[in-house]
Amino acid sequence: MPDRAYIPGDEARIMTIQRYIAEMERIHPDATGEFSTLLRNLALAAKIVSREVRRAGLVDILGGASLTNVHGEDVKKLDVFANQMIINAMESGGQLCVMASEENETIIPIPEEFPCGHYAMLFDPLDGSSNIDVNVTIGTIFSIFHRVSDGERGTEADVVQSGDKQVAAGYIMYGSSTIMVFTTGEGVQGFTLDPTIGAFLLSHPNMTIPKRGRYYSVNEGNRMLWDNGFRRYIEHLQTPDFESGRPYKSRYVGSMIADVHRTLLYGGVFAYPADESNPNGKLRLLYEANPMAYIIEQAGGRAVDGSRRILEIEPHDIHQRTPVILGSEEDVRVAEAFIAGTR
Ligand code: AHM
Ligand code: MG
C-alpha cells in the first residue's frame with residue numbers, strides 16, 4: 001500500500017486520492033476500474049458538500065430572511081442539500097445499482113436513463129444534525145457493497161447486507177479541515193482536502209488505533225437510563241488508578257464522526273449503548289455503525305453492540321438501530337466484560 005504522507009512543500013511526495021486509487025488498481029490487476037470511478041465520484045461529491053458546509057453560516061446573510069439565495073434558488077437545509085448532492089453525483093456514474101440514505105424512507109433507485117452498476121451504497125449525508133447550526137464538526141458516512149440481486153435494477157437486498165460484506169466504507173469529516181478517511185479492506189487511509197488546489201492529499205497513511213486509550217466518549221446525560229453493567233463500566237473508567245491510566249478523560253462532541261475520529265487517532269472508547277428509552281441504541285446499523293465498525297476493525301480496534309461484533313449483525317431493515325461500543329481493542333473488551341457481568 002502506498003504510504004507516502006504529504007508534507008507541505010514536498011511536492012514530489014504528493015499522493016492525491018486519484019493517484020492512490022490508480023495505484024490500487026495497478027496492485028489489483030483484475031480491477032475493472034468501476035470501483036475506482038465510484039470512489040472518485042464520491043470524493044467529488046464530498047468536495048461539493050464541504051464547500052457548502054464551509055459557507056453554511058453565510059446562507060442567511062446572502063439569502064436574507066427569505067428562503068431564497070442570491071441566485072433566486074430555494075435555500076435548502078444543509079442536510080437535505082447534502083443528500084441531494086450525493087444522489088446527483090452518484091446516480092449517473094454507472095457504478096451503482098441502488099442507494100439508501102438516512103434522509104430517504106425507502107431505497108433510492110437509479111433512474112432508468114442511467115446505467116446500472118455492480119455496487120450498492122448507503123450513506124448518511126450529514127451526520128451530527130444537532131451540530132449543524134452551531135458550527136461544530138459534522139460529516140458524511142458511507143458504506144459500499146457488491147450487488148447481490150440480479151434483476152434489471154438494484155433492490156433493497158443489495159443494501160440490507162451484513163457489515164462484514166462491505167467492500168469499502170468511510171467518512172468525510174468537515175472539521176477544522178476536511179478529511180476523507182476510508183478503507184477498502186486493506187487498512188485505513190486518511191486524505192485531507194487542500195482547499196487551495198481542490199485535491200484530497202494523503203495525510204494519514206495506514207492509520208492504526210492504539211491498543212488502549214485514555215478517553216471515553218458517551219452521552220452521560222443518559223446515565224440514569226443505562227443498564228447496570230454499562231454504568232459500572234463508566235464508573236470503573238472514572239475511578240482513579242494512576243498505574244493503569246485512570247481516571248480516563250471524558251470527551252463528547254455529539255457528532256459520531258468527530259467522536260470516532262478522535263477515538264481512532266488517540267484510542268479509548270466511543271459508545272452509544274442501549275438505554276431505557278432507546279432499547280436498541282440510537283445509531284443506525286447500516287450507514288452509521290457498520291462503516292465505522294469496518295474502519296475501526298481495519299485500524300486494529302474492536303466494535304461491538306455489547307455482546308457481538310457489529311459487522312456480524314444480520315440486518316433486516318434499512319433504518320434499524322444498534323447499540324455501539326467501539327474503539328481500542330483492550331478498552332472495548334473491558335466494556336464487554338462489565339456488560340456480561342464477569343467484572
Ligand atoms: P443524527 O443522524 O440525527 O445526526 O444522529 C446521529 C448522531 C451521532 O452523530 C451522534 O453520535 C449521536 O447522534 C448523538 O446523539 P445524542 O445527541 O443523543 O448524544
Ligand atoms: Mg446520522
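This is a predicted model: local features need pLDDT of at least 70, side-chain atom pairs count only at pLDDT 80 or more; totals for chains, interfaces and linings use all residues.
A residue counts as buried when its relative accessible area is under 20%, as exposed when it is over 50%, and as partly exposed in between, with a 1.4 Å probe and protein chains only as the basis.

Residues are numbered from 1 along each chain as its sequence is written, chains are lettered from A and ligands numbered from 1 in the order in which they are written, and side-chain values use heavy atoms, leaving out hydrogens and water.

Taken as a whole, the chain holds 9 helices and 13 strands; these are DSSP runs numbered from the N terminus, with helices (H or I) of at least four residues and strands (E) of at least two. The radius of gyration, taken over C-alpha atoms, is judged against a globule rule of 2.2 Å times the number of residues to the power 0.38. For 343 residues a compact globule would come out near 20 Å, and the chain's own 20 Å agrees. Buried residues account for 55% of the 343.

Back to asparagine 290, which sits in helix H8 (residues 285-298). Contact here means heavy atoms within 4.5 Å. Setting aside residues up to four places away in sequence, asparagine 290 touches Gln161, Ser162, Gly163, Gln166, Leu285, Ile310 and Leu311.

Strand E11 (residues 269-272) is covered on both faces: Val269 and Ala271 are buried on one side, and Phe270 and Tyr272 are buried on the other. Side chains in a regular strand alternate between the two faces of the sheet. Two strands pair if DSSP finds at least two bridges between them. E11 runs parallel to strand E9 (residues 215-217), with 2 bridges, and serine 217 stands opposite phenylalanine 270. With strand E13 (residues 324-327), E11 pairs in the antiparallel sense over 4 bridges; there, alanine 271 has isoleucine 325 as its bridge partner.

Glycine 198 makes for another case, in the loop between strand E7 (188-194) and strand E8 (199-204). At 30% relative accessibility, glycine 198 counts as partly exposed. Neighbours within four places in sequence aside, glycine 198 is in contact with Lys47 and Leu193. Leucine 44 lies 154 residues from glycine 198 in sequence, with 9.6 Å between their C-alpha atoms.
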